[in-house]
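Here is a briefing on a metal site. Read it alongside the model.

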Amino acid sequence: MIVIKSNREIELMREAGRITALAHQKVAEAIVPGISTFELDRIAENVIRENGALPSFKGYGGFPASICASINHVVIHGIPKKNMILKHGDIISIDIGACYKGYHGDSARTHAVGKISKEKEDLIRVTRESFYKGIAFAKPNHHLSDISHAIESYVKMHGYGIVRDFTGHGVGSNLHEDPAIPNYGVEGTGPLLKVGMTLAIEPMVTIGKPQVKILGDGWTTVTVDGSDSAHYENTIVITEDGCEILTLEEGETNVEK
Ligand code: MG
Ligand code: MG
């Protein structure tokens with residue numbers, strides 16, 4: 001069942017989204033060659049707690065940290081570690097969730113560590129752009145799969161792989177709610193979008209093949225072919241005339257240029 005949120009609930013999610021975005025901003029500022037993913041986790045958790053929220057991921061399904069930190073061919077769910085040190089030329093996907101008064105914000109960004117290759121830059125850009133192509137269809141009376149289809153089309157047009165084993169999702173008083181939101185699909189199918197639905201849209205894109213596997217720790221999800229991967233996610237709410245992004249950082253805009 002897809003839960004429609006009240007204005008009061010959306011207000012709480014707006015605050016959760018603001019805190020999530022603030023944590024991203026502080027983590028992004030700290031990303032330099034030589035820092036560990038453990039240190040990035042500490043920074044994010046401190047921002048979240050200082051703002052009266054809780055890290056959504058910590059303990060979720062047994063996940064041991066506050067953020068997911070996924071380097072290069074790690075697609076998602078990388079576990080922060082003291083001995084996981086960022087190197088010049090890496091890309092790192094950071095996924096953060098903050099829970100404010102019982103409501104979650106969920107968003108992800110992929111960052112460059114120092115100077116990166118043109119290939120990696122393009123991957124990060126296209127992944128972000130595909131999110132915006134998708135949410136062009138995030139408006140009342142469009143089908144959910146219109147978003148999915150737009151993301152898939154844009155990613156494939158650039159010759160990248162779109163991960164199928166993980167999806168976006170509804171979000172609210174639970175971190176993961178109905179509906180599942182695949183990053184692929186046929187237009188005009190699935191539920192109709194309605195004002196007050198809150199959704200986490202999150203394309204996961206690979207330079208090579210889209211197949212992924214989960215490592216022995218039960219979390220770390222990597223590309224099977226070892227190719228690099230990027231992730232871009234925001235929590236949005238469907239409004240009368242489209243959608244509002246609840247997890248934008250200061251300086252980011254609702255419209256992709
Ligand atoms: Mg996320
Ligand atoms: Mg998510």
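Along the chain, the donor residues of the magnesium ion (ligand 2) are spaced D-x62-H-x32-E-x30-E. Donors here are N, O and S atoms within 2.8 Å of the metal (3.2 Å for Na, K and Ca); water is not among the atoms, so sites may look incomplete. This is a predicted model: local features need pLDDT of at least 70, side-chain atom pairs count only at pLDDT 80 or more, and totals for chains, interfaces and linings use all residues. Residues are numbered from 1 along each chain as its sequence is written, chains are lettered from A and ligands numbered from 1 in the order in which they are written, and side-chain values use heavy atoms, with hydrogens and water left out.

**Magnesium ion (ligand 2)**
- Asp106 (OD), His169 (NE2), Glu202 (OE) and Glu233 (OE) coordinate this ion at 2.1 to 2.2 Å.
- Asp106 sits in strand 5 (residues 103–112) and His169 in strand 7 (residues 168–170), so the pair ties together parts 63 residues apart in sequence.
- Strands are DSSP runs of E, at least two residues, numbered from the N terminus.

**Magnesium ion (ligand 1)**
- Its donors are Asp95 (OD), Asp95 (OD), Asp106 (OD) and Glu233 (OE), at 2.0 to 2.5 Å.
- Their spacing is D-x10-D-x126-E.
- Asp106 in strand 5 and Glu233, in the loop between strand 13 (229–231) and strand 14 (234–239), link parts of the chain 127 residues apart.

**Burial**
- Asp106 is buried at 3% relative accessibility.
- Buried means under 20% relative accessible area (1.4 Å probe, protein chains only).
- His169 is buried too, at 5%.
- Glu233 is also buried.

How values were computed
Helix = DSSP H or I, 4+ residues; strand = E, 2+ residues; numbered from the N terminus. Buried < 20%, exposed > 50% of the residue type's maximum accessible area, 1.4 Å probe, protein only.
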